[in-house]
Amino acid sequence: MGLYLTIDQGNSEAKLALWNGTQTEGFVMEPRLTPSKLTDFVGDRPLSGTMYCSVGRQDVDILRQLRHMSAHAMRLTPDTPLPIKVEYGTRSTLGADRVAAAVGAWTEHAGKPILVVDAGTAVTYDIVTPEGVYRGGNIAPGISMELRALHEFTARLPLVAFPENMPELTQRLFGQTTREAIALGAVYSVLASIEFYRRRLSDDTVVVLGGGCGHHLASICDFPVVVDEHLVSKGLNRILLYNENS
């Protein structure tokens, strides 16, 4: 089994992961990914394949560098063969990160219904059947986006930093200062959404939390969840291996 590279280009940073089969050999987050940073991360290690996905525009320079680094350089597109079936009305507009997260969750929890919550800049709530059918999902603002929006679209509300210590914050149901009220409002809106979807799915549904905020949210959930911050990267690697084996 060779060495594989996956790149998850998100809204705020890129996540680079090296894989030996299905095991991670290295992981790094880059706020601003460049071809030189890419080569520094990989070093002189030969790559058997690469997989790139982006929630925004494709970075031509990165894609060109990946083709230099591996003969099997792939970009996740709506036409890429997948190990799961996608049932979505507008496949061409379905975010590559949502697809990868669904694949990553299903490869770990096949045989059970899965609610995939990828909590980053935005929060996506997606459902995958036990048989590996992606049935769709919803998109909402993430915690940081809500905090920024409340500041930017109102006249007097302050910009509140992302609440790192959620268990301490959520000792209260309602805030006693304006900053606390804003932080709790943003956190509880996402937490309540997860609970809302969970209650409307079957009891054996596995709730998988991914994204940069996943472990923060897991710390305040009073129901079982599985945390996988590398969910998208894991899914990208599985898609790459699926195409190589095919």
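# Close-up views of a predicted model

View 1. Strand β10 covers residues 206-210, and because five of its five residues are buried, it is largely enclosed by the rest of the structure. Helices (H or I, at least four residues) and strands (E, at least two) are DSSP runs, numbered from the N terminus. Strand β7 (residues 114-119) pairs with β10 in the parallel sense over five bridges; two strands pair if DSSP finds at least two bridges between them. In this pairing D118 stands opposite G210 in β10. Strand β11 (residues 226-227) runs parallel to β10 and is joined to β10 by two bridges. Here V208 stands opposite V226 in β11.

The model is predicted: local features need pLDDT of at least 70 and side-chain atom pairs count only at pLDDT 80 or more, while totals for chains, interfaces and linings use all residues. Residues are numbered from 1 along each chain as its sequence is written, and side-chain values use heavy atoms, with hydrogens and water left out.

**View 2. An open sheet of five strands.** The strand order is β3-β2-β1-β4-β5, with mixed pairing. β3 (23-30) and β5 (73-75) stand at the edges with a single partner strand each, so one side of each has no neighbour in the sheet. On average, neighbouring strands of this sheet are turned by 15 degrees against each other, direction ignored (axes are lines fitted to C-alpha atoms, for helices over the stretch in contact, and angles run from 0 to 180 degrees between N-to-C directions). Strand β4 (residues 49-54) and β5 run parallel and are joined by three bridges. The bridge partner of Y52 in β5 is R75. Helix α2 packs on the sheet and touches β1, β4 and β5, its direction making about 170 degrees with that of β4. Contact means heavy atoms within 4.5 Å.

**View 3. Residue I7 in strand β1.** I7 lies in β1, which spans residues 3-9. The relative accessible area of I7 is 0%, so I7 is buried. Not counting residues up to four places away in sequence, I7 touches K15, L16, L33, L38, M51, Y52, C53, I62, L66 and L236.

**View 4. Helices α1 and α2.** Helix α1 (residues 35-42) packs against helix α2 (residues 60-69) at an angle of about 35 degrees, and their axes are 9 Å apart. P35, L38, T39 and V42 of α1 meet D61, I62, Q65, L66 and M69 of α2.

**View 5. Residue T129 in a loop.** T129 sits in the loop between β8 (122-128) and β9 (133-141). Its relative accessibility is 10%, so T129 counts as buried. Leaving aside neighbours within four places in sequence, T129 is in contact with W106, K112, P113 and R135.

View 6. C221 is in no disulfide either, the nearest cysteine sulfur, that of C213, being 12 Å away. C53 counts as buried at 1% relative accessibility, and C221 counts as buried at 14%.

Terms used. Buried < 20%, exposed > 50% of the residue type's maximum accessible area, 1.4 Å probe, protein only. Disulfide = S-S within 2.5 Å.
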